[in-house]
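Trainee: I am new to this structure. Please walk me through it.

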Amino acid sequence: MRKIATITVVLTLLVLLAMPSKASPLVFEDEKGDVADILTQSNISKSGTDIKRLIYYQYDSGKVIVSLEVYGEIDPHTYYTVALTTTEGNKKIGYAIAYLKSEEIAKNLGVNETVNKVLAVENESFNKTISLDHKFEIINKDTLRVTFNLLSPGESIREIAVMTWGLEWNQGLNGWFPRYMDFLNCTVEQSQPQQTDNENQTQQSNNENQQDNKGSPGFEAILLLPAILIALLILRNKKNL
């Protein structure tokens, strides 16, 4: 019996060592009820567009899981965009994530070629955009989760921004347009330590190195090009609404 117990312990340790390790999750919270009407700038109640929480995991292998939770349910009439900035040495890499459940609306907006994809750009040069393998999932109706691999496992997160756009049909213009939005920008001052036996110490370090704000993003602003183009479109047609 003792020999069997020893073999079991050894096998368990081998399985644990084979499992990919990851840093403790970065969790960014957003307040409820801060969705803004684009035209009036007043806050409105739109739970499917209202960002609740953003969770970021990064494994040693470079695998990344980003989970966006809203206060309501993932809405087919909401355009979800996430932009991630990482660094490796002097190199800066940007990732743009865009998701829209309704293919019909995506075609009407003219974003069907860029939506439901994960794109990567290196060193702020847009001459070459790399489309990455990825997987989108909707969890418990209120969470959009995307899984993909970074270009290099040695990259460290520096900033991540989320913009959600609530879309409405405009009869006069015969098309879908963004009418309300929510925004969360999160910065990370330094690379995250890997998970250790001292879980409390690691989690405290993570909390000290992350910051939520509603300020303007840097590199991500350009990476959110599809969403920004939609915003410019709505402003251009504002007088016709």
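Trainee: What share of the contacts with a separation of 6 or more is between residues 24 or more positions apart?

Mentor: A contact means heavy atoms within 4.5 Å. Take the contacts in the protein with a separation of 6 or more. Those between residues 24 or more positions apart account for 65%.

Trainee: What should I know about the model and its numbering?

Mentor: The model is predicted, so local features need pLDDT of at least 70 and side-chain atom pairs count only at pLDDT 80 or more, while totals for chains, interfaces and linings use all residues. Residues are numbered from 1 along each chain as its sequence is written, and side-chain values use heavy atoms, with hydrogens and water left out.

Trainee: How many helices and strands does the protein have?

Mentor: Both are DSSP runs, numbered from the N terminus: helices are H or I with at least four residues, strands are E with at least two. On that basis the protein has five helices and 14 strands.

Trainee: What percentage of the residues is buried?

Mentor: Buried means under 20% relative accessible area, exposed over 50%, and partly exposed in between, with a 1.4 Å probe and protein chains only. The protein has 241 residues. The buried ones make up 44%.

Trainee: Which residues touch the most other members of the largest nonpolar core?

Mentor: A nonpolar core is a set of buried Ala, Val, Leu, Ile, Met, Phe, Trp, Tyr and Cys residues joined through side-chain atoms within 4.5 Å. The largest one holds 30 residues. A second, separate core has 15 residues, including Ile-38 and Tyr-79. In the largest core, the members that touch the most others are Tyr-56, Val-66, Phe-148 and Ile-160.

Trainee: Which residues does Tyr-56 touch?

Mentor: Leave out residues up to four places away in sequence. Tyr-56 then touches Pro-25, Leu-26, Val-64, Ile-65, Val-66, Leu-84, Leu-150, Ile-157 and Ile-160.

Trainee: How many aromatic pairs does the structure hold?

Mentor: Rings of Phe, Tyr and Trp (its six-membered ring) pair if their centres lie within 6.5 Å. Planes under 30 degrees apart count as stacked, over 60 as edge-to-face and the rest as tilted. By that rule the structure holds three.

Trainee: Where do Tyr-99 and Phe-136 lie?

Mentor: Tyr-99 and Phe-136 form a tilted aromatic pair, 5.1 Å centre to centre with 45° between the planes. Tyr-99 is buried, at 11% relative accessible area. The two are 37 residues apart, with Tyr-99 in strand E7 and Phe-136 in strand E10 (residues 134-139).

Trainee: How many salt bridges does a search of the whole structure find?

Mentor: A salt bridge is a side-chain nitrogen of Lys or Arg within 4 Å of a carboxyl oxygen of Asp or Glu. A search of the whole structure gives a count of seven.

Trainee: How many residues apart in sequence are the parts that Arg-179 and Asp-37 tie together?

Mentor: Arg-179 and Asp-37 form a salt bridge, with the closest N and O atoms 3.4 Å apart. Asp-37 is buried at 9% relative accessibility, whereas Arg-179 is partly exposed at 28%. Arg-179 lies in strand E13 (residues 175-188) and Asp-37 in strand E2 (residues 35-37), so the separation in sequence is 142 residues.

Trainee: Which residues are linked in a network of salt bridges?

Mentor: Start in strand E1 (residues 26-29), where Glu-29 is found. Glu-29 and Arg-53 are 24 residues apart in sequence and 4.5 Å apart in space, C-alpha to C-alpha. The network links Glu-29, Lys-52, Arg-53 and Glu-69.

Trainee: What is the phi of Lys-141?

Mentor: Lys-141 lies in the loop between E10 and E11. Lys-141 is exposed, at 56% relative accessibility. Although Lys-141 is not a glycine, its phi is positive, at about 70°.
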